[in-house]
Amino acid sequence: MNIDSIYNGVVIDHITAGRGMMLYELLGFSKLDCSIALIKNVSSKKMGKKDIIKIDADISLDFDVIGYVDPDATVNIIKEGKLIEKKSIEKPETLVNVIKCKNPRCISSCEQEIDHIFKLTDKENGVYRCIYCETQANK
């Protein structure tokens, strides 16, 4: 398989195998009008297998979404064919309108104007809970 290198853009690397599509969907990449490569189950010495997303455009990313889906991922910024910056990701303390509360009785499910806000309640296990009803978010 041959995936071209990118000249100006972003590479999200070291994504845990199987989580690339979730990132693709949550970051809204289907709406972009540029070349995007989602490579699944790539061999990796460090991880065994991993996913990679290459975006051939200089775009801004929501690092909270990446941190929620996979805090071990890295983001590489490419300019003129060269790596200019490599960013590590951390789990965000708060998620706003990234995921929706699944509790049908939660105020965020009933009131359309209310933001869906989740707080990180267990950093070690990556558990997020709705601030309104404390329902645990599912990945």
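**Charged pairs and the sheet around them**

Author: Start with Glu85 and Lys87. They form a salt bridge, and their closest N and O atoms are 3.9 Å apart. A salt bridge here needs a Lys or Arg side-chain nitrogen within 4 Å of an Asp or Glu carboxyl oxygen, so this pair qualifies at 3.9 Å. Glu85 counts as partly exposed because its relative accessible area is 35%. Lys87 is partly exposed too, at 27% relative accessibility. Bear in mind that this is a predicted model.

How many salt bridges does the structure hold? It holds three. Take Asp13 and Lys50 next. Their closest N and O atoms are 3.0 Å apart.

Is Asp13 buried or exposed? Asp13 is buried, because its relative accessibility is 12% and the cut-off for buried is under 20%. Lys50 also falls under that cut-off. Its relative accessible area is 10%, so Lys50 counts as buried.

Lys79 is partly exposed, with a relative accessible area of 29%. Asp58 is exposed, because its value is 54% and exposed means over 50%.

Now the sheet behind these pairs. Five strands make an open sheet in the order β2-β3-β1-β4-β5, and their pairing is antiparallel. Which strands stand at the edges? They are β2 (36-44) and β5 (82-88). Each has a single partner strand, so one side of each is left without a neighbour in the sheet. On average, neighbouring strands are turned by 20° against each other, direction ignored.

Look at β1 and β3 in detail. Residues 9-16 make up β1, and residues 48-55 make up β3. The two strands pair in the antiparallel sense over five bridges. Val11 has Lys54 of β3 as its bridge partner. Val10 stands opposite Ile55 in β3.

On to β2 and β3. They pair in the antiparallel sense over seven bridges. A hairpin of three residues joins β2 to β3. Ser44 has Gly48 in β3 as its bridge partner. How covered is β3? Mostly: six of its eight residues are buried.

Asn76 is buried, because its relative accessible area is 8% and the cut-off is under 20%. What does Asn76 touch? Leaving out residues up to four places away in sequence, its contacts are Gly9, Val10, Val11, Asp13, Leu83, Glu85 and Lys86.

Three strands form an open sheet in the order β6-β7-β8, with antiparallel pairing. The edge strands β6 (94-96) and β8 pair on one side only. From one strand to the next, the twist averages 30°. β6 pairs with strand β7 (residues 117-122) over three bridges, in the antiparallel sense. Leu95 has Phe118 in β7 as its bridge partner.

Ile107, Ile131 and Tyr132 make a patch of about 250 Å². Tyr132 lies in the segment after β8 (127-130). At 36% relative accessibility, Tyr132 counts as partly exposed.

How values were computed
Residues are numbered from 1 along each chain as its sequence is written. This is a predicted model: local features need pLDDT of at least 70, side-chain atom pairs count only at pLDDT 80 or more; totals for chains, interfaces and linings use all residues. Side-chain values use heavy atoms; hydrogens and water are left out. Two strands pair if DSSP finds at least two bridges between them. Helices (H or I, at least four residues) and strands (E, at least two) are DSSP runs, numbered from the N terminus. Axes are lines fitted to C-alpha atoms, for helices over the stretch in contact, and angles run from 0 to 180 degrees between N-to-C directions. Patches are made of residues with over 30% relative accessible area and no salt bridge: like charges are joined within 9 Å, nonpolar side chains (Val, Leu, Ile, Met, Phe, Trp, Tyr) within 5 Å. Accessible areas come from the Shrake-Rupley method with a 1.4 Å probe; for residues, only the protein chains shown count as cover. Buried means under 20% relative accessible area, exposed over 50%, partly exposed in between (1.4 Å probe, protein chains only). Contact means heavy atoms within 4.5 Å.
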